[in-house]
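Colleague: I have a model open on my screen and would like a close look at one part of it. Could you walk me through that part and then show me how the rest is laid out?

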Amino acid sequence: MLKASKKTGLVFFPAFDWAIDPTHPEREERLLYTQDQVMEEGIFDINGIEEYKPDLVTAEDIQRVHFCVPDEAAITTQSHLISAGGAKAIARAVMEKEIQRGFALIRPPGHHAMRVAHGGRGFCHINMEAIMVEYLRQEHGVKRVAIVDTDCHHGDGTNDIYWHDPDTLFISLHQDGRTLYPGTGFTHELGGPNAKGTNLNIPLPPGTSTEGYLYVINNTVLPILEEFKPDLIINSAGQDNHYTDPLTNMKFSAQGYAEMTRLLKPDIAVLEGGYAIEGALPYVNLGIILALADMDFSSVVEPDYDPVRLEQTSHVTDKIKRTSDVINRYWSQRKELRAKAGTHGEIQQRNREIFYDTDNIFERQKEKIRICRDCGGAFEIDSQASTGNHVLCVHIPLNACQDCIDAGHAMFRNADMDRYNRAFLQDQTQDHYTIKQS
Amino acid sequence: MLIGLDVGGTHTDAVLLSKKGLKRKIKVLTDPSDLFNTVLSGLDLLLDNIDPLDVKRIVLSTTLTTNAVVQQRIDPVGIIVSSGPGIDPRLFRTGNHYFPVAGSIDHRGRERSPVDPAEIRTIAKILKKEGIKHVGVIGKFSPRNPCHELQIQALLAKDFSKIFLGHHVSGNLNFPRRIATVHLNTAVYSMHKKFFHAVKRSLEQQGIKAPIQILKADGGTMNLESSMDFPGQTILSGPAASVMGAIGYAPKDQDVLVLDIGGTTTDIAILVKQAPLLEPVGIGRGIYKSLIRSLKTYSKGLGGDSHVRVENGAITIGPDRSGPAMAFGGLHPTPTDAMVVLGLMEAENKESSLGGMADIADKLGTTPLKAAQTIFQTACARIVEEAIKIVDRINRKPVYTVHEFLEGYRIQPRKILLLGGPAPYFANEIERQSGIETQAVPACSVANAIGAALARTTCEVSLLADTELGIVAAPEEDFKEPISKSYTEEDVIERAYALLSEKALKSGSSPDDLEVEVIEFQKFNIVRKFSTQGKIFRAKLQVKPGLIKGYDQVYTQLNKNNDGTPSGAEC
């Protein structure tokens, strides 16, 4: 009987009853052929591969991460709660040492969902990885986490959630934002003043092939992970870098995904995008599963795989090398960059405009953060959306110092309830979420 | 009248039922080295002075296949597999004559690379030279499109007398299990055929004309003719017989634990509202994982005749049986001896039991009576523990019964039904330890044979329709038809229903028992370039497993005769 060298857990939640709309790429059919391939390969019969039932996340789980406006129920469906619950079930099994690695094959995806959520953007409503990470921190004492987002789109939601968190290393590899949704994720986007350098964005030119991806993994991602020394590595395993994906322009292959997984050695992988549902997903997911389980994946090759057609041009190769060098330089200068970003105790303001393409909502944010050299810093976000909702969201991070705890409480206390429909306090030090209504 | 006969590891049980009730029951020792004579002597005793023409149905459950697999007495056979991308097929080798070959079908059933006829002809030559008579052919994704299996079969047809094909065994996807299942069918075929043809001849000589039905692992039956294509399905039919024997006593709205306490083992199963739990993919016991549809049953090496020992100052029971209890001429103490000493059970040779208990008591530094008490309580505790552990384990995974997939269902047993010879003696103690109402079923020592006799003929059909490819197919039934874009859900169900009825009647079902249900239905839009190109429908229908109609009075009669005490006449 086949045996997995690494005990691996899988949650399979294809949400066969959930779609954004009937012909949308994020639809019921998306994981159908993947499920067929996984079943036909007899994956769940392999000794050391365990199937887990997804949990159902609660409003409390979501409130550790998001400010849902007006509330959690309004922007989620049962499928979102189970999808996030799938990631949570896998995380728990890893923590309880039932398995060494886990893969949540779930949809809907989540990596475009930001801290404030008025609705869906980039097919995402709530952030599966972030909900899982904050659960791990609150209930299993995990501290330092690295999230490597290999979806072809910039993981701007996860990036936003961990923008101010120096204990979370977020690295996103994605197709250059000048050529693809959401249009962000450039090398200079390094995180907020309290966490500069622990957010790393690696844009890759269209036409990047397996060679290019593995170059970045070997020359940038792995050395940085080595230095950051996370307690846990999470891979947001989007599969839309594939050479057949209809929404993107890359040349990655199933063998490439499997090899990347072998190199990254993530403790937990969470499925994100990937819309070549017949030609790519069945083979890519199989490759990732086998690589996680530390099994041979050499025969997992797409039927139409042609390595010659998938070679990358020397122009692309050069560009990738330059980007990789830039990121490595930023990483080595992160302490200086952070010191220059602000003075301890001062309040910095940032204004942003966010468009929710899936639900057609427009949001304006005014964010104020306390610059802190002792913790991630308390902050408030004044958020006004085209839905008519206007809210104040206050966040006190898990490792907050007393000054930031006090600052956060003051922000919440002083909220002018004539202006806001609601004010929220997300106090991670107490694992508590408070709502004030006007 | 009906006959049910269940060959167990220790005993073979047989019953004769009329519409009014249990007419006759017998129990003979199983001779594992001669199952044919075991079956015949059982039937002879049962039919003594009975008009053979009165017998309308015979259902047999045997350990023939199980024993052959366990003792590795199976034929060497040729296995040819074609795979395509995925896990290396060489890892699923079944024996010395195993050949991965060219050819690949994808998950939608489209050919991605062709079969190489020259390669197949070469393999045929090798197999013939090596004296191989039967061959199995398995393709990856053959339930989506069996064309490669059929093509290879055609290339082999003139050289081999029987060829088993992967897409016939199940509509479920699982390539390694499909290989194992076809291998099992191929490897036990000649033995199965020889055995049942001999049984059939012998019954015909006695003037019995009733068709022989064979019990399957899913608690349904199939006729002799159908069994020749799927002999592997007879594996583990024994535990299924017990479950079918318990259904008649299970409350309609509760979860029930069924414990069949035999001589060597206790088989554990669960009923949810009278529906047995199902292995969703197929039998997966030990390393032998298959696509054989099966009830979910567990076996624990602890029965009335389990060998009791003292190890490191503590009592161990089983998992082996070293002959009968001392009370019945055995050499080693057993839980049965403990029950004899405790006065729970009558036996002529109580002295021997006492001797066995005294021996154990010496080692424990206690009295024989206390030793017997400990053994008896430990045996019950182990059974209860194991049953609870199994319920916990099942609750951690999705739950499937023979009728449906129960999303998020948690099993909470409210009743325990005990079967098997020693069942009545165990009932009180198991109830005390588990805190769950416990009842030994009437005629508990032959309830399994009653279950076999009354089991319905079952089968299932999987139908796939793909309106983009323009095909509706049930590869298991060798059915395929072109369809138009406008093929609907109703068309799918109607077609599947027709195929299922035909198959069930062919397998020996009575038209009265054709209770059909849809057990799976999925529908997907195929969307390419943001517009719907077609639909995929997947349907699975089955004849509902259960008991045949017209024999309700059997239970009424048995319940009436059962006064509920352990020494009740029927046990």
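This is a predicted model: local features need pLDDT of at least 70, side-chain atom pairs count only at pLDDT 80 or more; totals for chains, interfaces and linings use all residues.

In which loop of chain A does Pro182(A) lie?

Modeller: Pro182(A) sits in the loop between strand 7 and strand 8 of chain A. The peptide bond joining Tyr181(A) and Pro182(A) is cis, with omega about -5 degrees. That is worth a glance, since most peptide bonds are trans.

Strand 7 covers residues 168–175 of chain A, runs parallel to strand 8 of chain A, and is joined to it by six bridges. One pairing you can pick out is His174(A), whose bridge partner in strand 8 of chain A is Pro203(A). Strand 8 of chain A spans residues 199–204, and six of its six residues are buried, so the strand is largely enclosed by the rest of the structure.

A few other spots in chain A deserve a visit. Val142(A) is in the loop between helix 5 (128–140) and strand 6 (145–149) of chain A. With 20 other C-beta atoms within 10 Å, Val142(A) is buried. Setting aside neighbours within four places in sequence, Val142(A) is in contact with Leu136(A), Arg137(A), Asp231(A) and Leu232(A). Pro230(A) is 88 residues away from Val142(A) along the chain, yet their C-alpha atoms are separated by 9.4 Å.

Asp325(A), by contrast, is exposed, with 12 other C-beta atoms within 10 Å. You will find Asp325(A) in helix 10 (residues 314–332) of chain A. Asn219(A) is 106 residues from Asp325(A) in sequence, and the two are 8.6 Å apart in space, C-alpha to C-alpha.

Next come two backbone angles in chain A. Most residues other than glycine have a negative phi. Lys265(A) has a positive phi near 50 degrees, and its place is in the loop between helix 8 (254–264) and strand 10 (268–271) of chain A. Lys265(A) is partly exposed, with 16 other C-beta atoms within 10 Å. Asn360(A) also has a positive phi, about 55 degrees, and lies in the loop between strand 11 (347–356) and strand 12 (361–370) of chain A. Asn360(A) counts as exposed, with 12 C-beta neighbours inside 10 Å.

Turning to the partner chain, 31 residues of chain B are in contact with 29 residues of chain A. On the chain B side, helix 5, strand 28 (516–528) and strand 29 (531–543) each supply at least two residues. The largest share, five residues, comes from strand 28 of chain B. By class, this side of chain B has 13 nonpolar, nine polar and nine charged residues.

Chain B also has a cis peptide bond, from Gly318(B) to Pro319(B), with omega near 0 degrees. Pro319(B) is found in strand 20 (residues 314–321) of chain B.

In helix 1 of chain B, the buried residues are Thr38(B), Val39(B), Gly42(B), Leu43(B), Leu46(B) and Leu47(B). They cover an arc of only 150 degrees around the axis, which puts them on the same side of helix 1 of chain B. Their cover includes strand 1 (2–7), strand 2 (11–18), strand 3 (21–29), strand 4 (57–61) and helix 5 (175–205) of chain B. In helix 4 (residues 147–156) of chain B, the buried residues are His148(B), Glu149(B), Ile152(B) and Leu156(B). These cover an arc of only 100 degrees around the axis, which again puts them on the same side of helix 4 of chain B.

Methods: Residues are numbered from 1 along each chain as its sequence is written. Chains are lettered from A and ligands numbered from 1 in the order in which they are written. Helices (H or I, at least four residues) and strands (E, at least two) are DSSP runs, numbered from the N terminus. The arc is that of the directions from the helix axis to the C-beta atoms. Two residues are in contact if their C-beta atoms, placed from the backbone, lie within 7 Å. Ala, Val, Leu, Ile, Met, Phe, Trp, Tyr, Cys and Pro count as nonpolar, Asp, Glu, Lys and Arg as charged, and the others, Gly among them, as polar. Two strands pair if DSSP finds at least two bridges between them.
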